[in-house]
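I opened this entry to record what I looked up in the model, working from the overall fold towards single side-chain pairs. The structure is placed here first, and my notes follow.

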Amino acid sequence: EARAQYGRSLGQIAELRRYQELFWTLEDNSARDEIRRRVEELGQDAGISFSSIQRPEVVEVNEHIQGIEVRVNATTDIAALARFMYSVEAERPLLQWSNCLIRPDRFKDPQHVVLSGAIRALTLKPEALALVQARKASP
């Protein structure tokens, strides 16, 4: 049984290494600020002024991965929204929408769209990162 568990662990480590470039690898203290700053930059580059950006929260994904979620709200035009949505999806390390609601600003005669959502960055937990880095260092 121990040998089987060890084999599963090695398989999980190999899979994490394969996808490591998709994970944000920031120090715990700076990760929240860095991810929030990056979301703000993407919005600014797309021409979006956020009405609110909440403090990022850490969410559990699984035993090796955690997410850092930033909730955003904005009212904007459809072109800026499209640019922002594209830039979030194209970002590397990976950013992904964990929740997204888009609606018109008014039911009759809409002028803009309202965006409410949560953008998640994935990070390896410290223990998983140490395992991945240790396995990389060994021949």
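**Fold and contacts**

I began with contacts (heavy atoms within 4.5 Å), and noted that residues 24 or more positions apart account for 63% of the contacts in the protein with a separation of 6 or more. I keep in mind that this is a predicted model, in which local features need pLDDT of at least 70 and side-chain atom pairs count only at pLDDT 80 or more, while totals for chains, interfaces and linings use all residues. Residues are numbered from 1 along each chain as its sequence is written, and side-chain values use heavy atoms, with hydrogens and water left out.

For secondary structure I took DSSP runs numbered from the N terminus, with helices being H or I of at least four residues and strands being E of at least two. On that basis I find 4 helices and 5 strands in the protein, and from the N terminus on they follow the order α-α-β-β-β-α-β-β-α.

I then turned to accessibility, computed by the Shrake-Rupley method with a 1.4 Å probe, where for residues only the protein chains shown count as cover. The accessible surface of the protein is about 8,700 Å², and 50% of this belongs to carbon and sulfur atoms. I call a residue buried under 20% relative accessible area, exposed over 50%, and partly exposed in between; of the 139 residues of the protein, 36% count as buried.

**Strand pairing**

Strand β2 (residues 57-60) and β3 are antiparallel partners over 4 bridges, with a hairpin of 4 residues joining β2 to β3. Within this pairing I noted V58 opposite I68 in β3.

**Aromatic rings**

I paired rings of Phe, Tyr and Trp (its six-membered ring) if their centres lie within 6.5 Å, with planes under 30 degrees apart counted as stacked, over 60 as edge-to-face and the rest as tilted. The count by this rule is 2 aromatic pairs. In one of them, the ring centres of F50 and F84 lie 5.5 Å apart and the planes are at 70 degrees, so I list the pair as edge-to-face. This pair links distant parts of the chain, since F50 sits in strand β1 (residues 50-53) and F84 in helix α3 (residues 78-90), 34 residues apart. Both F50 and F84 are buried.

The rings of F84 and W97 have centres 6.0 Å apart and planes at 80 degrees, so this pair is edge-to-face as well. W97 is buried, as is F84, and the ring pairs link F50, F84 and W97 into a cluster.

**Nonpolar cores**

A nonpolar core, as I use the term, is a set of buried Ala, Val, Leu, Ile, Met, Phe, Trp, Tyr and Cys residues joined through side-chain atoms within 4.5 Å. The largest has 23 residues, of which F50, V72, F84, L95 and I119 touch the most other members. The elements giving two or more residues to this core are α2 (28-46), β1, β3 (65-76), α3, β4 and β5 (113-124), and α2 gives the most, with 5 residues.

Leaving aside neighbours within four places in sequence, I find F84 in contact with several residues, among them V39, L42, A46, I48 and L115. A second, separate core of 8 residues includes F23, L94, L122 and V132.

**Salt bridges**

What count do I get when a salt bridge is a side-chain nitrogen of Lys or Arg within 4 Å of a carboxyl oxygen of Asp or Glu? The count is 8 salt bridges.

In helix α2, R37 and E34 are 3 residues apart, which means a separation of about one helical turn, and their closest N and O atoms are 3.1 Å apart. R37 is partly exposed at 40% relative accessible area, and E34 is partly exposed at 29%.

R38 and E91 form a salt bridge at 2.9 Å, N to O. R38 lies in helix α2 and E91 in the loop between α3 and β4, so the pair ties together parts that are 53 residues apart in sequence. E91 is buried, with a relative accessible area of 10%, and a network of salt bridges links R38, E41 and E91.

Note on methods:
Buried means under 20% relative accessible area, exposed over 50%, partly exposed in between (1.4 Å probe, protein chains only). Two strands pair if DSSP finds at least two bridges between them.
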